[in-house]
Amino acid sequence: MSEPAIRLDGVSKYFGDFQVLREVSMRVGTGERVVICGPSGSGKSTVVRCINRLETHEAGVIEVFGREVGNRTTPEALGREIGMVFQQFNLFPHLSVLDNLTLGPMKALGLSRRDAEERAMAYLTRVRIPEQAGKRPGQLSGGQQQRVAIARSLAMEPKVLLFDEPTSALDPEMIAEVLDVMIDLAEDGRTMIVVTHEMGFARKVADQMIFMDAGEIVETGPPAEFFAAPKSKRCQTFLSQIL
Ligand code: ADP
Ligand code: MG
C-alpha cells in the first residue's frame, strides 16, 4: 500500500461510561478512497470527528501523515491537512457564498483577498456553481449549499477530505448533483474518507469499504468482495436492508 495518509491503531472512545469506539484500526493510503457504512449510532461520525479532532479519544493512536495527533491538537492545526464536509453543510449563513470560501484561506493561510477570491471562484467552478458566488447560503437549494461546502473545503487545499453523510440531509433529486461532484474529486486521485449509505457511489469510487457496528469495525474489504460476499451476519443484514 502507498504511504498512509491516516492511520488509526486501537482507537477507543467513551462518552461517560458508554464506549462509542472499540479499538478501531484502519489505514488510509495517500490517494485512497475509503467508504465507511453501518447502522445509525455505530460510531461512524465519531471516527471521522476523532480524525480531525472535533472529538478526543481515550486510547489508541491516530496519525495524520505519520504524525500523531493528540488530544491537544486542534481542528485548526489540522486545517491544512484535513477538510471536512458535514451532513448539515455548516455554512456561515450571514456571509455570501464567496465570503464563505475566502474566509479560511485569508485567515488561516494568509492569502490576500484577491488571491482568495480567485481561488474561491476556481473551486466554485469546479463544483459547477460559479454563478451563485454573490448569494447567501439561504438563497440556495440544499444541493447547491452542499456543493458550496465542498468548495469551501477544497479552497483550503487539504490533503485529505472527510465527508460525513454529505447527502443525507438532501432531497432525493439533489443527491446526484452532489455525488457527481464527489465522483469527480475521487477521479482526481484525492484521499477521501466518506461516511455514506450511497452504495452506488461506494461501488464506483471506493478502494476500501469499512462496515461498522456498535463502535467497532466488523468488516473491511475492496467493494467487489464486500458487496458480493459480505462475511459477517451483521454486514449481510445491513446491506440487505439498504440495497
Ligand atoms: P453514527 O454516525 O454511526 O450514527 P455516532 O458516531 O454519531 O454514530 O454516535 C455513536 C454513538 O455515540 C451513538 O449511540 C450516539 O448516541 C453516541 N453519541 C454521539 N455523540 C455523543 C455525545 N456527544 N455524547 C454522548 N453520546 C454521544
Ligand atoms: Mg453520523
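Buried residues have under 20% relative accessible area, exposed residues over 50%, and partly exposed residues lie in between (1.4 Å probe, protein chains only). The model is predicted: local features need pLDDT of at least 70, side-chain atom pairs count only at pLDDT 80 or more, and totals for chains, interfaces and linings use all residues. Residues are numbered from 1 along each chain as its sequence is written, and side-chain values use heavy atoms, with hydrogens and water left out.

Helices (H or I, at least four residues) and strands (E, at least two) are DSSP runs, numbered from the N terminus. Helix H4 covers residues 142–155. Of its 14 residues, 14 are buried, so H4 is largely enclosed by the rest of the structure. Its length was checked against an expected span, taken as 1.5 Å times one less than the number of residues. The 14 residues of H4 should span 20 Å, and the end C-alpha atoms are 20 Å apart, which agrees. Just after H4, Glu-157 takes a positive phi of about 50°.

Two packed helices are described by the angle between their axes and the distance between the axes. Here, axes are lines fitted to C-alpha atoms, for helices over the stretch in contact, and angles run from 0 to 180 degrees between N-to-C directions. Helix H2 (residues 97–107) and H4 have axes that come within 8 Å and cross at roughly 25°. The two helices are therefore roughly parallel (angles under 35 degrees; over 145 is roughly antiparallel, 65 to 115 roughly perpendicular, the rest oblique). On the H2 side, the contact (heavy atoms within 4.5 Å) is made by Val-97, Asn-100, Leu-101 and Pro-105. Val-148, Ala-151, Arg-152 and Ala-155 make it on the H4 side.

H4 also packs against helix H5 (residues 172–187): their axes come within 8 Å and cross at roughly 20°. That makes H4 roughly parallel to H5. Gly-142, Gly-143, Gln-144, Gln-146, Arg-147, Ile-150 and Leu-154 of H4 meet residues of H5. Their partners are Met-174, Glu-177, Val-178, Val-181, Met-182 and Leu-185.

Glu-58 was examined separately. This residue sits in the loop between helix H1 (44–51) and strand S4 (59–64). At 46% relative accessibility, Glu-58 is partly exposed. Leaving aside neighbours within four places in sequence, Glu-58 is in contact with Ser-12, Lys-13 and Tyr-14. Glu-58 and Lys-13 are 45 residues apart in sequence, but 5.2 Å apart in space, C-alpha to C-alpha. The Glu-58 side chain reaches the backbone nitrogen of Tyr-14 at 2.6 Å.

Technical notes:
Chains lettered and ligands numbered in written order. Polar contact = N/O pair within 3.5 Å; in protein donor to acceptor, adjacent residues only side chain to side chain.
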